[in-house]
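Here is a short report on one protein chain. It covers pockets, a helix and a few individual residues.

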Amino acid sequence: MQIIIVGCGNVGTTLTEQLSSEEHNITVIDLEKNRLQNLINSYDAMGVIGNGISFAVQKEAGVEEADLLIAVTGSDEVNLLCCLIARKAGGCHTIARVRNPIYNMEIGYIKDELGLSMIINPEYTAAEEMTRLLKFPSAITIDSFTKGRVEVVKCRVGEDSALCDQSLQQITSRIKGDVLICTVERDGDVYIPGGNFIIRARDEISVVGTSQKTLAFFKKLGVPVTRARNVMIIGGGKTSYYLAKQLMAMGIQIKIIEINKERCDELSELLPKAFIIHGDGTDRNLLLQEGIIQAEAFVALTNVDEENIMLSLFAKSVSKAKLITHVHRISYDEIIDSLDIGSVIYPKYLTAEHIIKYVRAMNNSLGSNIETLYRLNDNRVEALEFSIKKDSPVIGIPLQKMAIKPNILICSINHKGSISIPSGQSVIRAGDSVIVVTTNTRLNDIKDILK
């Protein structure tokens with residue numbers, strides 16, 4: 001597809017990297033010449049220097065032939081206007097990043113009136129991700145498929161876990177449960193495990209199954225599955241507001257520590273049932289005084305990555321809280337992974353991932369049969385949901401007889417609403433949806449799993 005990206009900050013760069021790798025034709029618009037030049041030197045993309053609001057600049061970028069324009073500059077108003085001009089000039093699909101909570105209250109109206117295909121709010125999206133994690137504190141990440149009915153839950157295997165030193169065959173026979181361990185990450189390597197694969201302490205495993213059966217599986221292992229009853233949040237920005245609002249609707253007690261007095265006053269009005277503390281969230285004595293030791297969940301949401309990392313390390317040293325660490329700069333990921341600070345949320349990744357899902361859905365209308373896509377384990381693994389069409393070559397063949405490429409695992413089959421973890425005798429039918437996990441990235445069709 002022909003895609004124009006306006007703005008080459010962190011999100012624009014991530015989108016350019018991933019969409020160009022999927023062989024879309026990318027043109028990036030940005031005002032800063034050096035930043036734009038660095039981007040197009042690094043990735044297979046074209047660049048246009050200028051203001052994305054300008055019709056002339058959009059025309060130079062090819063808006064009249066474009067399939068999609070994505071506006072991810074630092075200004076909500078610029079993004080919305082870019083999309084409006086693109087709709088009028090080229091009639092293409094449009095996606096805008098919009099962050100202001102005022103607009104979030106009217107998102108449906110704005111989307112309909114401006115004819116936008118999608119509006120993405122990074123802070124709201126990050127808050128939704130954190131809420132999912134706090135429902136299941138033992139999880140590092142949770143990704144959902146089949147309209148939320150199937151989940152891929154990633155967690156770390158403890159030293160005393162019943163999974164330690166057991167093969168997958170032994171685990172299946174001992175711990176009855178209709179779930180599947182689909183990936184294992186160990187010492188920086190990622191595996192699609194077979195039946196003889198042995199699980200070790202500190203492995204990070206991804207388990208796929210329905211929400212209920214996944215919870216039942218972890219309960220049998222003695223892993224805590226009840227949601228946190230109280231959450232301490234450091235930083236009172238937009239993400240904190242969205243997160244607190246979502247958690248309070250679930251009956252969870254919220255305490256927010258914010259250094260800015262005016263913001264504390266605002267939050268007190270917006271969230272009257274939350275405890276708003278005016279103080280420095282990096283002050284160790286204040287954290288101890290406000291009950292960090294008793295906190296069941298701790299979320300570091302300041303605007304400084306280094307502060308968030310240090311806060312989570314401190315919380316880990318004094319409490320058993322579920323940790324969530326907010327990180328802006330994606331260049332830290334390898335260092336952060338080695339620190340074991342719970343679930344790390346990268347808003348730029350989340351925003352890019354949601355946009356890429358939409359692009360995949362557009363491809364679906366152009367012939368692809370991918371319904372949902374997640375990138376796991378630092379983008380080294382893809383989990384994809386395929387819809388099975390009548391002429392698919394995978395129909396009617398038992399999986400054990402199917403010539404499937406290495407490092408590909410069929411994890412789930414949804415047949416008319418009945419979801420099952422497949423065995424070797426399972427057969428895929430027309431109209432089914434199938435979840436596939438693979439280290440062979442860039443699958444575009446279910447037939448691509450075949451040799």
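## Glu185

Glu185 sits in strand S10, residues 180-186. Strands here are DSSP runs of E with at least two residues, helices are runs of H or I with at least four, and both are numbered from the N terminus. The model is predicted: local features need pLDDT of at least 70, side-chain atom pairs count only at pLDDT 80 or more, and totals for chains, interfaces and linings use all residues. Residues are numbered from 1 along each chain as its sequence is written, and side-chain values use heavy atoms, with hydrogens and water left out.

Is Glu185 buried or exposed? Glu185 counts as buried because its relative accessibility is 13%. Buried means under 20% relative accessible area, exposed means over 50%, and partly exposed lies in between (1.4 Å probe, protein chains only). The Glu185 side chain makes a polar contact with the side chain of Lys154, at 3.5 Å. A polar contact is a pair of N or O atoms within 3.5 Å; within protein, one must be able to donate a hydrogen and the other to accept it, and residues adjacent in sequence count only if both atoms are side-chain atoms. Beyond neighbours within four places in sequence, Glu185 is in contact (heavy atoms within 4.5 Å) with Lys154, Val190, Asp203, Glu204, Asn377, Asp378 and Arg380.

## Largest pocket

The largest pocket has a volume of about 1,100 Å³. Of its 40 lining residues, Lys154, Glu204, Asp337, Asn377 and Asp378 are the closest to its centre. A pocket is found on a 1 Å grid over the protein atoms alone, as an open set of points where a 1.4 Å probe fits, with protein on both sides within 12 Å along at least five of seven lines; lining residues have an atom within 4 Å of a point. Grid points are joined across faces, edges and corners, and the volume is the space filled by probe spheres set on them.

By class, the lining holds 14 nonpolar, 9 polar and 17 charged residues. Ala, Val, Leu, Ile, Met, Phe, Trp, Tyr, Cys and Pro count as nonpolar, Asp, Glu, Lys and Arg as charged, and the others, Gly among them, as polar.

## Second pocket and helix H13

The second largest pocket has a volume of about 960 Å³. It is lined by 33 residues, and Pro137, Ser138, Arg156, Pro224 and Lys320 are the closest to its centre. Strand S8 (150-156), helix H13 (305-318) and strand S18 (322-326) each supply at least two lining residues. The classes are 15 nonpolar, 8 polar and 10 charged.

H13 has 14 residues and spans 20 Å from first C-alpha to last. That is close to the expected 20 Å, taken as 1.5 Å times one less than the number of residues. Its buried residues are Asp305, Asn308, Ile309, Leu311, Ser312, Phe314 and Ala315.

## Asp30

Asp30 lies in strand S2, residues 25-30. Asp30 is buried, with a relative accessible area of 6%. Its side chain reaches the backbone nitrogen of Glu32 at 2.9 Å. The Asp30 side chain also makes a polar contact with the side chain of Arg35, at 3.3 Å.

## Positive phi

Asp165 is not a glycine, yet has a positive phi of about 60°. Asp165 lies in the loop between S8 and strand S9 (166-167). Asn407, also not a glycine, has a positive phi of about 60°. Asn407 is in the loop between strand S21 (381-387) and strand S22 (408-415).
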